[in-house]
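Q: I'm new to this one. Can you walk me through some of its side chains?
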Amino acid sequence: MMKKIVFVDVDGTLVSDDGLVPESARTAIIQARNNGHQVYLCTGRSKPELYDSILSIGFDGIIGAGGGYIEVDDEIIYHKKVADEDVVHMVDFFTEKELDFYLESNGGLFASPNLEARLDKLVYGDVENDPIAREKKVNNPHPFVQGLTYGETNLYRTDVNKACFLENKAVPFEDIKKEFSGKFEVMHCTVPIFGDDSGELMVPDIHKATAIEFLLKHTGGNQKDTIGIGDGMNDAEMLTYCETGIAMGNAKEGLKQLADDITKSVDEDGLFASFQKHGLI
């Protein structure tokens, strides 16, 4: 068969809600590449969020930061950063509205002052008063929570790819979109524990499909050979652009309506099932 170029989302597609890669997903990607297919990560995460448990699988390259960063064979071929004045704008707004957030750059993930305590509660429980929650934090720390940089006194950084904010029910999502209209693409976040009205601030006119198109021009790949698989609405452009768009069983309903095919959920070995069905393995 023709060799395919496969783009795989991370959260909710490759990685389950508990941050783990199912062994079946790891096996599927290794076998597909051994069969001569190319497999790329295509994620909203920035490079520091791609831990060894993910990268050790082996990929032909990375599309990160929702399309703002592209790496092929360990070479950076594209990197779009947020303008300095726009970083100041969002840091000031988030601080004023008491929205917990973190800034993503290739140099790290930088947390707002109250984010660590908020994440501890969401991920582990009441670590102050509950010994079980405290033990969970010590003995089974979540790589994302560990990977953030806390205590930064200056968040007016000049190397920001994008930003994520957690839900604050006192601040409607639509108000945040209005605030940053024309400056950022404000999208709902795909991490469930962050809340329904959590979100990401992306550089406008950049998304996974624009990055895939750029990557294909760089590598000489053909759009007709592409497969995209994801679960969130930030995967919509990818599934529409790719020749075959696959939604996970746990995907948002809006994404399923755009997909050419729907596989099982991440916890039901959906990635493996989709690779098998479409002849990659």
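Q: Is Tyr102 buried or exposed?
A: Tyr102 is buried, because its relative accessibility is 3%. Buried means under 20% relative accessible area, exposed over 50%, and partly exposed in between, with a 1.4 Å probe and protein chains only.

Q: Which ring does Tyr102 pair with?
A: Tyr102 forms an aromatic pair with Phe194. The pair is edge-to-face, 6.4 Å centre to centre with 75° between the planes. Rings of Phe, Tyr and Trp (its six-membered ring) pair if their centres lie within 6.5 Å; planes under 30 degrees apart are stacked, over 60 edge-to-face, and the rest tilted.

Q: Where do Tyr102 and Phe194 sit in the chain?
A: Tyr102 is in strand β6 (residues 101–105). Phe194 is in the loop between β10 (185–188) and β11 (199–202). They are 92 residues apart, so the pair links distant parts of the chain. Strands (E, at least two residues) and helices (H or I, at least four) are DSSP runs, numbered from the N terminus.

Q: And Phe194, buried or exposed?
A: Phe194 counts as buried, at 2% relative accessibility.

Q: Quick check, what kind of model is this?
A: It is a predicted model: local features need pLDDT of at least 70, side-chain atom pairs count only at pLDDT 80 or more, and totals for chains, interfaces and linings use all residues. Residues are numbered from 1 along each chain as its sequence is written, and side-chain values use heavy atoms, with hydrogens and water left out.

Q: How many aromatic pairs are there in the whole structure?
A: A search finds 12. One of them joins Phe94 and Phe101: tilted, 5.0 Å centre to centre, 40° between the planes. Phe94 is buried at 0% relative accessible area, and Phe101 is buried at 1%.

Q: Which residues do ring pairs link into a cluster?
A: Phe93, Phe94, Phe101, Phe165, Phe173, Phe180 and Phe184.

Q: New topic. Which ring does the charged end of Arg157 sit over?
A: The ring of Phe110, with the charged end 3.6 Å from its centre. A charge sits over a ring if NZ of Lys or CZ of Arg is within 6 Å of the ring centre and within 35 degrees of the ring normal.

Q: Now the backbone. What is phi of Ala65?
A: Near 55°, a positive value in a residue other than glycine. Ala65 lies in the loop between β3 (61–64) and β4 (69–72). Ala65 is buried, at 4% relative accessibility.

Q: What about phi of Asp205?
A: Asp205 has a positive phi of about 65°, although it is not a glycine. Asp205 is in the loop between β11 and α8 (208–219).

Q: Buried or exposed, Asp205?
A: Asp205 is exposed, with a relative accessible area of 70%.
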